[in-house]
Amino acid sequence: MLAADLRQDFIRTFIRSGGRVDPLELSALFAEMEAEAGILLREQGIAEERIAFQRFADARYVGQEHTVKVPVPRGKLEERDIAEIHEGFHRLHEQAYGFHLDSSIELVNCHLTALGVVEKPRVNRIDGAGLQLDKAQKGRRRVNFDELGFHECPIYERDLLPVGEAVQGPLVIEEPASTTVVFPDQSVRRDEYGFLHLVGCGKP
Amino acid sequence: MSLDPFTVEIIRHQLIAAAEESFVILGRSSQSPIIYEVLDYACAITDRFGNLIAQANGVPGFLGTLSFAVKAVLDKYPAASLHPGDTLITNDPYTGGGTHLSDVALVAPIFEAGELIAFSVNKAHWTEVGGMAAGSWTTDSTEIYQEGLQFPILYIGRDYKLDQALIDLIKANVRTPERTVGDLYAGVASLRTAEGRVKEISARYGVQTFESSVAEILNHGERMARLELSRLPKGTYAAEDWMDDDGLSGDPVYVRVKVSISKEEFVCDFSGSSPQVPGAINCTITRLYSACRSIFKAITDPGFPANDGWFRPVRVVCPEGTVFTARRPAPVSTYWETGAYACDLLWHALFPIAADRLTAGHFLSICGTIVSGKDEKGEDFILVEPQAGGWGAGATKDGESGLVAVGDGETYMLPVEICEARYPLRVEQYMFNTAPMGAGKYRGGFGLVREYRILCKDARLTATFGRHSYPPWGAMQGQEGSANGVLVLHHGGQRTPTCKGKLARHPLKAGDRVRLITAVGGGYGLAREREPAAVREDVLNGLLSRKLAREIYGVFLDPETLEIDELKTKKLRSKA
């Protein structure tokens, strides 16, 4: 949550049927929306260099009611960008519904997402010196792994796990806010920033 | 393998979620407002024998018809001949679980580990399937061949690919090829979504657990239904009624039902109803089944998710060749008029034993309307929609106003904005029909008045508004409701046009108006027993005049303050 950027969305109705989209007109509209969004974000104290934009078009096949959101290239648009929007629409429609048609396309909205990129908190490296697996183990108990049945396995304290060492499951890692269950066919490694990397699918 | 109830319950809900997801996919990718706005479609999953195990509605008129579509596929193509990626299509009204040709069912077998485990199926009202009239249904067809393309249970695709030759055939035979084929693709997308989810479920739990859970889902449905059945009073209950006409002759059509409730069975016997008629109101056995199932569900437990186990105690009796069980090539394009009567007869017959769950008669007819023509760009347009109307009063409440008919269930009205944006029409008014009918201790709900003005040069109107001559019934001495009807007001035409129940491609010019009027529902109990405060409330809301409050309900309101004059009211009511 602390790493989330500020975000505001701007949408304008822009109905254009068939292939009849003028790249200059679309460019001008997005430029106008970006100018408007920029003012709003600067008013909120976001520095110019921290403002970023993402452009989308809401599009559909002529006759449909619901739309699919298609990314639109940045900057000044040309004919080939319009073609790219069309190709993107067919591809994303296929992804959402499992088919695309040879029918003509209708643009419905221009959608601009304005982001105020915030400074992300720094994640510090861990000094792993002196950390040992056997010292991280706080006990053993019988654990139910669902389809894989019960296993007697070690329980570790997350903050005490050594850095960079892969450990084979089954095992459980505890910490004050969460518990990580590592299945018998999985292994886990704690990296130098404290993230846990699980390898294996966890299935019978 | 032992089966724990938790796993069964999880699988049951996952199947319902899969049906609902496929429902959303169909709606979002379709191209007909009657699908994506009105929701005139349904999606379901059946077991490998075609028994319904999960359904997303849509339309209760489709309740139970989806499993018949799958069973019809299995009759024609035995399970052993089916393969993954097969896609079948049917709209055959007489055998294929069909209703009318506009309702097109798509069916796909689902395999896991090489075994057939289930079917995904959906049925949607395509706006156009060809035939003599735009929108494919009309009130004056005389044989099925005039009502559009017939798909008598065909392969429309194999190996996850659709048959281009068939698609070209469809395109060449319908008035809106792009839309119709768009709806076909949307239906197939929905099948694939359900297929993927069902495969995930069976892969996760194993085919054996999946199959035994499905069997338990059906058996559990049956147990629950039998428990509810055992609580109903045993006996025989009957009702009879008349339908306005068949659209051609003007003669009324007689229908009847006898319901026998025993410990074992719920038997609906429609014997003695009129033979099939020359006009397009005939309905077929599938719709008759769904009517019986809907009412059985309504008086047992409407809240329990539908599955075929629930319907095992239901038996339908009706000889072939009646208006409820028409045979080829009888026209069926407005079958819903008769299907709705099947529901209403059962409803009326069972009212005495289920007054806590059923209300007095409602406007009943779907009030189907088609306005077609060419818009200003010269392109064909077809507006197809149902209308909402007034429902009957119940033992403890007034009827609902402006609600879709029983056969339509969870569908919506076409919003005025969509209507005006998509079609060359202006909605001149959309208001309650406050005709002073349906009076009672509890009064019937109000119908609606919706009026279109034609903005293009030429258009045509087809409409079927049943219960035009025989209004909704009142209960326990409640007054009957008003009639459904259509008024065409030609620009500069006669002052008092006739209100009609059925119209077929009636010609309209720019400036003409079409007033669609739906009925007020039937009342419950004596009007003179209505709470005076409720009468006053209706007067304050402009739904009833002061004069009618006095004449119908015997409630005297002070002309200045509109307060109830207790003394005068008492005097008025004692006279009655």
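Start at the interface of chain A and chain B, where the rule finds one salt bridge. The model is a predicted one, so every stop on this tour is a place in a prediction.

**Stop 1: the salt bridge between the chains**

Select A:Glu65 and B:Arg422. Their side chains form a salt bridge, with 3.3 Å from N to O. Now widen the selection to the interface of chain A and chain B: five residue pairs are in polar contact there, both residues of each pair being at pLDDT 80 or more.

**Stop 2: the side of chain A**

Keep chain A in view and colour the residues that touch chain B. Which elements give two or more residues to this side? They are strand E2 (51-61) and helix H2 (79-97) of chain A. H2(A) gives the most, with three residues. By type, the residues on this side of chain A divide into six nonpolar, six polar and three charged.

**Stop 3: the whole interface**

Show both chains together. The contact takes 15 residues from chain A and 17 residues from chain B. Between them the two chains bury about 1300 Å², and 50% of that is on carbon and sulfur atoms. On the chain A side, select A:Glu65, A:His66 and A:Tyr97: these residues lose the most area to chain B, together 40% of what that side buries.

**Stop 4: a salt bridge inside chain A**

Over all chains, the count comes to 52 salt bridges by this rule. For one of them, select A:Arg55 and A:Glu34, whose side chains meet at 2.8 Å, N to O. A:Arg55 lies in strand E2 of chain A and A:Glu34 in helix H1 (residues 23-43) of chain A, so this pair ties together parts that are 21 residues apart in sequence.

**Stop 5: two helices in chain B**

Move to chain B and select helix H7 (residues 285-299) and helix H8 (residues 336-350). At what angle do they pack? The angle is about 35 degrees, and the axes are 9 Å apart. The crossing of H7(B) and H8(B) is right-handed.

Show the side chains next. From H7(B), the residues in the contact are B:Arg287, B:Leu288, B:Ala291, B:Cys292, B:Ile295 and B:Ile299. They meet B:Gly339, B:Ala340, B:Ala342, B:Cys343, B:Leu346, B:Trp347 and B:Leu350 in H8(B). Coloured by type, the residues of this contact divide into 11 nonpolar, one polar and one charged.

How values were computed
Residues numbered from 1 in each chain as written. Chains lettered and ligands numbered in written order. Predicted model: local features only at pLDDT ≥ 70, side-chain atom pairs only at ≥ 80, totals over all residues. Heavy atoms only, no water. Axes fitted to C-alpha atoms, helices over the stretch in contact; angles between N-to-C directions. Helix = DSSP H or I, 4+ residues; strand = E, 2+ residues; numbered from the N terminus. Left-handed = near helix turned anticlockwise from the far one by under 90°. Contact = heavy atoms within 4.5 Å. Nonpolar A, V, L, I, M, F, W, Y, C, P; charged D, E, K, R; others polar. Buried area = accessible area lost by both parts, 1.4 Å probe. Salt bridge = Lys/Arg side-chain N within 4 Å of Asp/Glu carboxyl O. Polar contact = N/O pair within 3.5 Å; in protein donor to acceptor, adjacent residues only side chain to side chain.
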